[in-house]
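Keep the picture open as you read.

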Amino acid sequence: PLFRSRKYTVVVKAVDKKDTALYSEVPVLVIVKEADAKWPVFDQRQYSANLKENTASGTSVLTAEALVDGQSNREVAYSIKSQTLQSGSKTSAFSITDSGAIRVANDVDLDYEKSHGINVVVVASLTQPVLRTSEVTVLIALIDVNDNAPIFGKELYEASVSIGLTLGSYVTNVTATDQDSGRNGEVTYSFSSDQEYFSIDSSSGVVTLYRELDANTYDSYELSVTAADSGTPSMTGSSTISLTVRCSASGLCPQKRPADTSMWIIIGAAVGGVVVLVVIIVVVIVVVLRKRKAKGVGYISKETTGFDIVNPAYDQGKGRASEGKGQINRAVEDIDDTVYENMAAKAAELEDNEYTEITSAQREGEEIIYEAAD
């Protein structure tokens, strides 16, 4: 073994191949110096990790730590030298902390459909006593998740068939693609609702005639088609097939499809409901206004022929009661020494200075109860 701080002399001999008696020697001095221990060295020659493509920003992936003389050292600084997609494009999907932890910085670039993996080169630096650096490669493989729904080639497919077409005959076909891989990208087809005359192959999307067309057949059909992938949970896409049914060669023609009036029925019902609601509201308002009254109290004796009544009058509505002042403008008539009738007055509402007619019945020496209609 080589010892530190030792000198070695190595003799190098060169021999002539034609005549082994001819040769030459030269001494070589080798000096072995003690290596600088302060050098950052990663604990692995290469790092790798698997990461789902829908991983959120801020998620920790792994830690690439560089040791100094076999020990952790807080003086080591970490940085990312480069990040490259397998396609060759640059990215900024990851960041690194002061401790060497690699985290997701931009989850938009984690797209399995664009690149199956990302290569990250990490640099560890030690500045004292002089700058020393080392590098390591981190291979991050992206795992596909079911994040894409099947997409049809067309939003509307159009086709036509004739009465008399034999069962199982080709009508049309639809195609949907899913950008995911594996089972997440496997697409199956189906009708969104049961169909009487047509069927669809779940694997190919080919639509064929399931039941014979005759004179009872309508002249047009709209078939809603669904494409579903095999991921968990499954994602779906939809499209529509517009089919026109033509007359047969013998002149047998389909029936005209009746117009759909269901929408007008719904609109009419909605309008009618609004009208009824408005009428109910108006009736309630009228009833409330008619029932609103103001009440007050006062006193009178049979010797009184005219006087002012000044006391609070309270209406039955909500809020602060209004005080009213009434002036009796008609002489009090003594009917039977106890009952006074036919009193009329004008009361001024202090809050709006409007006059209100007041009528009441009372007994001598007792509390006058009077009512004012709004």
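## A guided walk through the fold

The accessible surface of the protein comes to about 24,200 Å², and 52% of that area belongs to carbon and sulfur atoms. Keep in mind that you are looking at a predicted model. Its secondary structure comes to 1 helix and 27 strands. The protein has 374 residues, of which 32% count as buried. Among contacts between residues at least 6 apart in sequence, 58% join residues at least 24 apart.

Now let's look at some of the strands. Three of them form an open sheet in the order β3-β6-β7, with antiparallel pairing. Its edge strands are β3 (40-42) and β7 (71-72), each of which pairs on one side only.

D69 lies in the loop between β6 and β7. Its phi is near 55°, a positive value in a residue other than glycine. Why is that worth a second look? Most residues other than glycine have a negative phi. Is D69 buried or exposed? With a relative accessible area of 57%, D69 is exposed, because the cut-off for that word is over 50%.

Another open sheet of 3 strands has the order β5-β10-β9, and here too the pairing is antiparallel. β5 and β9 (94-96) are the edge strands, each pairing on one side only. From one strand to the next, the twist averages 25°.

Next, visit the loop between β4 and β5, where E53 is found. Which atoms does the side chain of E53 reach? A polar atom of that side chain lies 2.8 Å from the backbone nitrogen of Y112, and the side chain also reaches the backbone nitrogen of V145 at 3.0 Å. E53 is buried, because its relative accessible area is 3% and buried means under 20%. Leaving aside neighbours within four places in sequence, E53 is in contact with several residues, including L110, E113, I143 and D180. E53 also shows how a chain can bring together parts that are separated in sequence: E53 and D107 are 54 residues apart along the chain and 7.9 Å apart in space, C-alpha to C-alpha.

T55 is found in the loop between β4 (46-52) and β5 (60-63). At 12% relative accessibility, T55 counts as buried. Its side chain reaches the backbone oxygen of K52 at 2.7 Å. Once neighbours within four places in sequence are set aside, T55 is in contact with V104, D107 and L110.

Now move along to strand β15, residues 170-173, where you will find T172. T172 counts as buried, with 9% relative accessibility. What does T172 touch, apart from neighbours within four places in sequence? Its contacts are A159, G205, V206, V207 and I241.

A search of the whole structure finds 6 aromatic pairs. One of them is the edge-to-face pair of F152 and Y157, with 6.5 Å from centre to centre and 75° between the planes. F152 counts as buried at 10% relative accessibility, and Y157 counts as buried at 9%. Ring pairs also bring in Y189, linking F152, Y157 and Y189 into a cluster.

Our last stop is a peptide bond. Which form does the bond from T232 to P233 take, cis or trans? The bond is cis, with omega near -5°. For comparison, most peptide bonds are trans. You can find P233 in the loop between β20 (220-229) and β21 (236-246).

Conventions:
Residues are numbered from 1 along each chain as its sequence is written. This is a predicted model: local features need pLDDT of at least 70, side-chain atom pairs count only at pLDDT 80 or more; totals for chains, interfaces and linings use all residues. Side-chain values use heavy atoms; hydrogens and water are left out. Helices (H or I, at least four residues) and strands (E, at least two) are DSSP runs, numbered from the N terminus. Buried means under 20% relative accessible area, exposed over 50%, partly exposed in between (1.4 Å probe, protein chains only). Contact means heavy atoms within 4.5 Å. Accessible areas come from the Shrake-Rupley method with a 1.4 Å probe; for residues, only the protein chains shown count as cover. Rings of Phe, Tyr and Trp (its six-membered ring) pair if their centres lie within 6.5 Å; planes under 30 degrees apart count as stacked, over 60 as edge-to-face and the rest as tilted. A polar contact is a pair of N or O atoms within 3.5 Å; within protein, one must be able to donate a hydrogen and the other to accept it, and residues adjacent in sequence count only if both atoms are side-chain atoms. Two strands pair if DSSP finds at least two bridges between them. Axes are lines fitted to C-alpha atoms, for helices over the stretch in contact, and angles run from 0 to 180 degrees between N-to-C directions.
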